[in-house]
Amino acid sequence: PLDINSEDIPLDIVYEDDNILLLNKKVGLLSHPDETEYNDTLITRVKRYLYEKGDYNPKDENSFAPALVNRIDRNTGGIVIAAKNAESLRILNQKLKDREMEKYYLCVVHGILKKKSGTLTGWLLKDEKKNRVDVFKSQKNGAKEIRTKYDVIEEKDGLSLVEVELLTGRTHQIRAHFASIGHPLLGDGKYGTNALNKALGYKKQFLYSYKL
């Protein structure tokens with residue numbers, strides 16, 4: 001069982017009603033427990049918050065527990081949706097599957113993009129063991145199609161502030177897709193260039209899920 005009383009850290013709630021919570025997940029916080037962290041994650045904070053409000057009691061629930069509808073990487077911040085009941089979870093999962101949700105991110109990439117707006121396409125292949133992905137221009141066995149729409153908002157000192165709409169939602173899609181065209185995210189050590197990031201003093205990728 002998850003220890004929902006282990007941490008006393010308030011949630012950053014963007015919106016709440018009877019069915020859902022929109023949460024601003026901070027950079028560095030896991031969405032769900034994994035082998036590195038079991039107790040202090042976004043979902044355990046949600047459960048604690050709802051437990052203390054009286055909206056959720058683990059002892060009363062045999063089949064449902066509050067759940068996250070979408071998830072973002074540990075080192076990416078931004079809006080995550082939590083469902084407070086089974087019906088809202090079912091509806092939101094269906095909307096996610098039917099691509100009725102529009103997800104927008106802000107990121108800073110190295111370099112100046114020639115085209116100031118467009119849709120990047122490609123094929124993404126995930127390596128579970130290495131926890132990284134590769135992007136290809138043509139179809140590869142086991143790879144999934146990706147589409148990443150973008151608009152450059154501002155350019156300064158060899159960097160570009162870009163709004164991204166995820167048309168497909170794959171692991172590390174934004175980071176890997178921009179790196180594959182020669183514009184890795186500022187601060188991204190996995191897909192970017194550490195020497196460039198060090199010179200600018202950034203250690204985590206400059207990426208935020210800012211609008212739904």
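**Chatting about the fold**

Visitor: What share of the contacts with a separation of 6 or more comes from residues 24 or more positions apart?
Guide: In the protein chain that share is 62%, a contact being heavy atoms within 4.5 Å. This is a predicted model, with local features needing pLDDT of at least 70, side-chain atom pairs counting only at pLDDT 80 or more, and totals for chains, interfaces and linings using all residues. Numbering runs from 1 along each chain as its sequence is written, and side-chain values use heavy atoms, with hydrogens and water left out.

Visitor: Thanks! How many helices and strands are there?
Guide: The protein chain has 4 helices and 10 strands, taken as DSSP runs (H or I, at least four residues; E, at least two) numbered from the N terminus. Their order is β-β-α-β-β-α-β-β-β-β-β-α-α-β.

Visitor: Which residues touch the most others in the largest nonpolar core?
Guide: Val46, Cys107, Tyr150, Val162, Val164, Ile174 and Phe178, out of 27 residues. Such a core joins buried Ala, Val, Leu, Ile, Met, Phe, Trp, Tyr and Cys residues through side-chain atoms within 4.5 Å; buried means under 20% relative accessible area with a 1.4 Å probe, protein chains only.

Visitor: And which element gives the largest share of this core?
Guide: Helix 1, with 4 residues. A second, separate core has 11 residues, including Phe64 and Leu89.

Visitor: Back to Tyr150, what does it touch?
Guide: Leaving aside residues up to four places away in sequence, its partners include Leu113, Gly118, Val162 and Phe178.

Visitor: Changing topic, how much of the chain is buried?
Guide: Buried residues are 41% of the 212 in the protein chain.

Key. Buried means under 20% relative accessible area, exposed over 50%, partly exposed in between (1.4 Å probe, protein chains only).
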